[in-house]
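Dear colleague,

Please find below the sequence and structure that I am handing over to you. My notes on the findings follow directly after it.

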Amino acid sequence: HIRSCYEVSMAMWFEELRTQAPKEYERLAKLGRVPAAGGAAPPAPEGASAERQNAASSEENLAESKVYAEISRYVSHVLAEEFGGPSGYLESIGFGASELDALRQILVEPEE
């Protein structure tokens, strides 16, 4: 499911880039970083994960990061249907109660 979410979000980004920044899209297509018009997405280039480790690895990455509402809804749906929610998913990948509590402390602002 996670791979499907990734593929859908990449397809949405490719289309947005193609329509809103066609010259940049053409440049990236020549480099094999985005699909040629109407083609399949290219495989991830060697070393791509090291090139851009995650959204929080730099201020530039944070500024460029996007989450499409459709993808957020889909991920929420999958987590609810397959795992009973985010907590169930985290438990399925090895998060214990203490790790889940620590994550909540980081992500949830205390009520005033």
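Arginine 104 and aspartate 101 meet through their side chains in a salt bridge, at 3.7 Å from N to O; the term denotes a side-chain nitrogen of Lys or Arg within 4 Å of a carboxyl oxygen of Asp or Glu. In general, side chains of opposite charge can pair when their charged atoms come close. Arginine 104 and aspartate 101 are separated by about one helical turn, because they stand 3 residues apart in helix α7 (residues 97-107). Helices (H or I, at least four residues) and strands (E, at least two) are DSSP runs, numbered from the N terminus. Arginine 104 counts as partly exposed, at 41% relative accessibility, and aspartate 101 is likewise partly exposed, at 43%. Here buried means under 20% relative accessible area, exposed over 50%, and partly exposed in between (1.4 Å probe, protein chains only).

Please note that this is a predicted model, in which local features need pLDDT of at least 70 and side-chain atom pairs count only at pLDDT 80 or more, while totals for chains, interfaces and linings use all residues. Residues are numbered from 1 along each chain as its sequence is written, and side-chain values use heavy atoms, with hydrogens and water left out.

A search of the whole structure gives 3 salt bridges. Another of them joins glutamate 15 to arginine 18, at 2.5 Å from N to O. Both residues belong to helix α1 (residues 2-20), where they are 3 residues apart, about one turn of the helix. Glutamate 15 is partly exposed, with a relative accessible area of 37%, and arginine 18 is partly exposed at 35%.

In helix α2 (residues 22-30), arginine 27 and glutamate 24 also lie 3 residues apart, about one turn of the helix. Their salt bridge has its closest N and O atoms 2.8 Å apart. The relative accessible area is 41% for arginine 27, which is partly exposed, and 30% for glutamate 24, also partly exposed.

As for the chain as a whole, its secondary structure comprises 7 helices and 0 strands. Of its 112 residues, 15% count as buried. Contacts (heavy atoms within 4.5 Å) were also examined: among those between residues at least 6 apart in sequence, 28% join residues at least 24 apart.

Yours sincerely
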